[in-house]
Amino acid sequence: MFALAVEENCRRLAQLVEEALIAEVTLSPKPGLVDAIDSGAHHDMDQALFLRSAQALTPYFEEMALVSWGSIMSQELREAIAAIGRKAEQAMLAATGGINTHKGAIWALGLLISAVSSQLSRKQRIFLPEVFSDIQLLTAFPDRALTQQTESHGKTVQAKYGHLGAYGEAAAGFPHVQIALADYFSRDCSNETKKRLHMLLAIIATLDDTCILYRSNQEVLALVQQLAQKANQQALPNPAFHALAAFCQSENVSPGGSADLLAASFFLLSINSVLPVNEGKTVYQ
């Protein structure tokens, strides 16, 4: 019975990750990003491609949850999650014909589902500050199986600008996921779509998004951040939001790193609504 409950819990966690990825790509309109309306600044992607990718990744997130169930943050768990993540990347590329739709999301959500599964199994509750600190612990362990890292957009940007990208975000305990959740719960707005778009703007306004830097430079990133901050200070829709969307199109930039963190934020929102956590309290209390 307990084994069956473990499998059911891990399957449900993986389903929540898939739903978060789908919620991110269907949220519309998003500046520079693929959504239900158009492909933003991308010419080789559309919503259908992201949906196929999200569905292909679900078994691997379930596998991550299973290996994390009952485990503490450790070198062994770090390398187990990394190995599954590499398999997930290959499944993504197979599903998309070689297009990178969710590499950053695999990293972020893989760490999150691992920390959530570990905490839920060991303590029968979820407390977000501990989830974020566990991720910091897990990220600190090296992936010893990765002997020769292939070139990536993140590495290119790090070499040029010094930003640590997705690794630095996780090592810091996902501060921009925390920013997005704080924006969501502090915003007086009854429209769920607009509240979630504000979450995205809160991330874009403060994140040194390596996807933007790879396609452009620090000056363009700074302008994107300024427009996002201005758009987030007013009710949507507003002129600054439209200006941000137009600027992303004209500069051919896409805040893809922000989109990955938005999906991670959606996953944590769903944890709060679905799982019995904190003896009836929310994970944010």
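This is a predicted model: local features need pLDDT of at least 70, side-chain atom pairs count only at pLDDT 80 or more; totals for chains, interfaces and linings use all residues.
**Close-up 1. Helix 2 and helix 3 cross in a right-handed way.** Helix 2 covers residues 47–68, and helix 3 covers residues 75–96. The two pack at an angle of about 160 degrees, and their axes lie 9 Å apart. With that angle, helix 2 is roughly antiparallel to helix 3, because anything over 145 degrees counts that way.

**Close-up 2. Here is who meets whom between helix 2 and helix 3.** On the helix 2 side, look for Leu49, Arg52, Ser53, Ala56, Leu57, Tyr60, Glu63, Met64, Val67 and Ser68. Across from them, helix 3 brings in Leu77, Ile81, Ile84, Gly85, Lys87, Ala88, Ala91, Met92, Ala95 and Thr96. Sort the residues of this contact by class and you get 13 nonpolar, four polar and three charged.

**Close-up 3. Ser28 and Pro29 are linked by a cis peptide bond.** Omega here is near -5 degrees. To find Pro29, go to the loop between helix 1 (2–26) and helix 2. It's worth a look, since most peptide bonds are trans.

**Close-up 4. Leu236 and Pro237 are joined by a cis peptide bond too.** For this bond, omega is about -5 degrees. Pro237 sits in the loop that runs between helix 11 (218–232) and helix 12 (239–251).

**Close-up 5. Gln124 has a positive phi without being a glycine.** Its phi is near 55 degrees. Most residues other than glycine have a negative phi. You'll spot Gln124 in the loop between helix 4 (103–123) and helix 5 (128–140). Is Gln124 buried or exposed? With 55% relative accessibility, Gln124 counts as exposed, because the cut-off is over 50%.

**Close-up 6. Asn252 is another non-glycine residue with a positive phi.** The angle is about 55 degrees. Asn252 belongs to the loop between helix 12 and helix 13 (256–274). Its relative accessible area is 33%, so Asn252 is partly exposed.

Conventions
Residues are numbered from 1 along each chain as its sequence is written. Side-chain values use heavy atoms; hydrogens and water are left out. Axes are lines fitted to C-alpha atoms, for helices over the stretch in contact, and angles run from 0 to 180 degrees between N-to-C directions. Helices (H or I, at least four residues) and strands (E, at least two) are DSSP runs, numbered from the N terminus. Angles under 35 degrees count as roughly parallel, over 145 as roughly antiparallel, 65 to 115 as roughly perpendicular and the rest as oblique. A crossing is left-handed if the near helix is turned anticlockwise from the far one by less than a right angle, and right-handed if clockwise. Contact means heavy atoms within 4.5 Å. Ala, Val, Leu, Ile, Met, Phe, Trp, Tyr, Cys and Pro count as nonpolar, Asp, Glu, Lys and Arg as charged, and the others, Gly among them, as polar. Buried means under 20% relative accessible area, exposed over 50%, partly exposed in between (1.4 Å probe, protein chains only).
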